[in-house]
Amino acid sequence: MNFHQYYKTDMLNGPGIRNVLFVAGCNHGCKGCYNESTWNPNSGFPYTEELEEEIIRDLMDERVIRDGITFTGGDPLHPRNLHTLLSLAKRIRAECPTKTIWCWTGYTLEELAADVSEEGLLRWELVNTITHLVDG
């Protein structure tokens, strides 16, 4: 998985103070998208274990209390992002259980529920691991 930006503190991408991870890859091509630079799944920078450790440390940092993390992009539910974000979301739920996980996607809830492919089931597992989905 690649990502474009990681913000340690943000107040624009969900309620409260949040970490925000902008991932690469989106197949939707929505008209008027303000983040077209994230559509290519090969753009940005490789996601690393070091970044993941930083995200967890930031969520646990008591000097700046964060409400949680937001996954956006690109599309977090793009095929190239699913395994990494599912693993990260499960880790956050286990190690930071009071933090919320918001996810912005171009898929609608109806599309996600109807997709019974292996990829669709993986998307659905991620959706069921996060706390809030902003769809469509």
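Trainee: Leaving aside its neighbours within four places in sequence, which residues is Leu126 in contact with?
Mentor: Leu126 is in contact with Pro76, Leu77, Leu82, Leu85, Leu86 and Ala89. Contact means heavy atoms within 4.5 Å. Bear in mind that this is a predicted model, where local features need pLDDT of at least 70, side-chain atom pairs count only at pLDDT 80 or more, and totals for chains, interfaces and linings use all residues. Residues are numbered from 1 along each chain as its sequence is written, and side-chain values use heavy atoms, with hydrogens and water left out.

Trainee: Is Leu126 buried or exposed?
Mentor: Leu126 is buried, with a relative accessible area of 0%. Buried means under 20% relative accessible area, exposed over 50%, and partly exposed in between, using a 1.4 Å probe and protein chains only.

Trainee: What separates the C-alpha atoms of Leu126 and Leu86?
Mentor: They are separated by 5.2 Å, although the two residues are 40 residues apart along the chain.

Trainee: Which helix is Leu126 in?
Mentor: Leu126 is found in helix H4. Helices (H or I, at least four residues) and strands (E, at least two) are DSSP runs, numbered from the N terminus.

Trainee: What else is buried in H4?
Mentor: Besides Leu126, the buried residues of H4 are Gly120, Leu122, Arg123, Val127 and Thr129. The buried residues of H4 pack against H2, strand S5 (100–104), helix H3 (109–114) and strand S6 (132–134).

Trainee: At what angle do H2 and H4 pack?
Mentor: Helix H2 (residues 82–95) and helix H4 (residues 118–129) pack at about 25 degrees, with their axes 9 Å apart. Axes are lines fitted to C-alpha atoms, for helices over the stretch in contact, and angles run from 0 to 180 degrees between N-to-C directions. H2 and H4 are therefore roughly parallel to each other; angles under 35 degrees count as roughly parallel.

Trainee: Which residues make that contact?
Mentor: From H2, Leu82, His83, Leu85, Leu86, Ala89, Lys90 and Arg93; from H4, Glu119, Leu122, Arg123, Glu125, Leu126 and Thr129.

Trainee: Switching to H1, how far apart are the axes of H1 and H2?
Mentor: The axes of helix H1 (residues 49–60) and H2 are 11 Å apart, and the angle is about 30 degrees. H1 and H2 are therefore roughly parallel to each other.

Trainee: And which residues of H2 make the contact with H1?
Mentor: Leu88, Arg91, Ile92 and Glu95 of H2, with Glu52, Glu53, Ile55, Ile56, Leu59 and Met60 of H1.

Key: Parallel < 35°, antiparallel > 145°, perpendicular 65-115°, else oblique.
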